[in-house]
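Student: I would like to learn how to read strand pairing, cavities and pockets in a model. Can we work through one?

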Amino acid sequence: MTAVRTIESVPYSRVLADALAVPGTDTMRVAEDFFGLADIVKADQKLARALTDPSRSASDKRALVRTAFGPHVTAATSSVVAAMASDHWTRPEDVDAALEVLGILAVLNDALGHNALDDVREELFQVRYFLQNTRDLRVRLSDLRLGDEHERGDLASAVFASRVSSWTMRLIRRAVGRSHHGRLLHNLRRYAAWAATMQDRLFVTVATAHPMSDTQVERLRSILSKRFGAAIDLAISIDPDVIGGFVLRAGSTAVDATVRTRLADARARIVV
């Protein structure tokens, strides 16, 4: 059995990992539980407030979880949600986002358990790259005014389902359903970065105007590995808008080493 992996920076991921590690747990069922709960809580702010009400005791809120959700979700899901409800929340509206993220991590863990996480990570990046360069489709999938989340999800399935794994497709549908205009690419990249983190790698994207040679790619990978002290999962895309140089993003670090940016900086210094 493949070990369940967690991401320490994601709230409750350790609790999720412990729940998924229980023998017999259906990881994809847990993922669907979290997605369903995220949708319910997002639509019912009264419920979100009840789950996070600081005036209620932790035992009272755990009882609420058992009553409201217990008959409908797995024991693994219920244990995680009970732990969440027992905690202190500053904003009730953050609960549905936390539930959504745990659903994403459950999907990634299921892919890991089937030795498919490498494929999922690569597929997510390729879909992101395709959408980055296909504006009309990207807008149709992320503009909340153009159909509901199911209609946009069905469109995404029609385009991508035959080309990607079931895990990747599930993540794409959630990204489409939960992303407003301008956030779809960000969310797909975030999922791919989490997949890399679960394999003890740092996900790095590089945009260049022209393809890099194998030698250049390996040299860059070696430099980044030494710089960040981690194995590097490198995803390179071609962007005609990049005029010389490259744009690199690794975690919270972003480097814009393009000729365009250097010229803009030079002009700014001249004006000053």
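**Strands, cavity and pocket**

Tutor: Start with the strands: β1 (residues 201-208) and β2 (residues 231-238) pair in the parallel sense, over eight bridges. Pairing requires at least two DSSP bridges between two strands. The model is predicted, so local features need pLDDT of at least 70 and side-chain atom pairs pLDDT 80 or more, while totals for chains, interfaces and linings use all residues. Numbering runs from 1 along each chain as its sequence is written, and side-chain values use heavy atoms, without hydrogens and water.

Student: How many helices and strands does the protein have?

Tutor: 13 helices and four strands. These are DSSP runs numbered from the N terminus: helices are H or I with at least four residues, strands E with at least two.

Student: How is empty space found?

Tutor: Rolling a probe the size of a water molecule over the atoms shows where empty space is left. On a 1 Å grid over the protein atoms alone, a cavity is a set of points where a 1.4 Å probe fits but cannot get out; a pocket is an open set with protein on both sides within 12 Å along at least five of seven lines; lining residues have an atom within 4 Å of a point. Here there is one cavity of 30 Å³ or more. The largest cavity holds about 70 Å³.

Student: Which residues line the largest cavity?

Tutor: Among them are Leu 37, Phe 69, Met 84 and Trp 89. Elements giving two or more residues are α2 (27-43), α5 (75-86) and α6 (94-113). α5 gives the most, with three. The lining has 10 nonpolar residues, no polar and no charged.

Student: Where does the largest pocket lie?

Tutor: Domain 1 (1-114) and domain 2 (115-200) both give residues to its lining, so the largest pocket lies between them. Those bounds come from an automatic or database domain assignment. The pocket's space is about 330 Å³. Of its 16 lining residues, Ala 97, Arg 178, Ser 179, Asn 187 and Arg 190 lie nearest its centre. α6 supplies the largest share, five residues.

Student: What is the make-up of the largest pocket's lining?

Tutor: Five nonpolar, five polar and six charged.

Note on methods: Grid points are joined across faces, edges and corners, and a volume is the space filled by probe spheres set on the points. Ala, Val, Leu, Ile, Met, Phe, Trp, Tyr, Cys and Pro count as nonpolar, Asp, Glu, Lys and Arg as charged, and the others, Gly among them, as polar.
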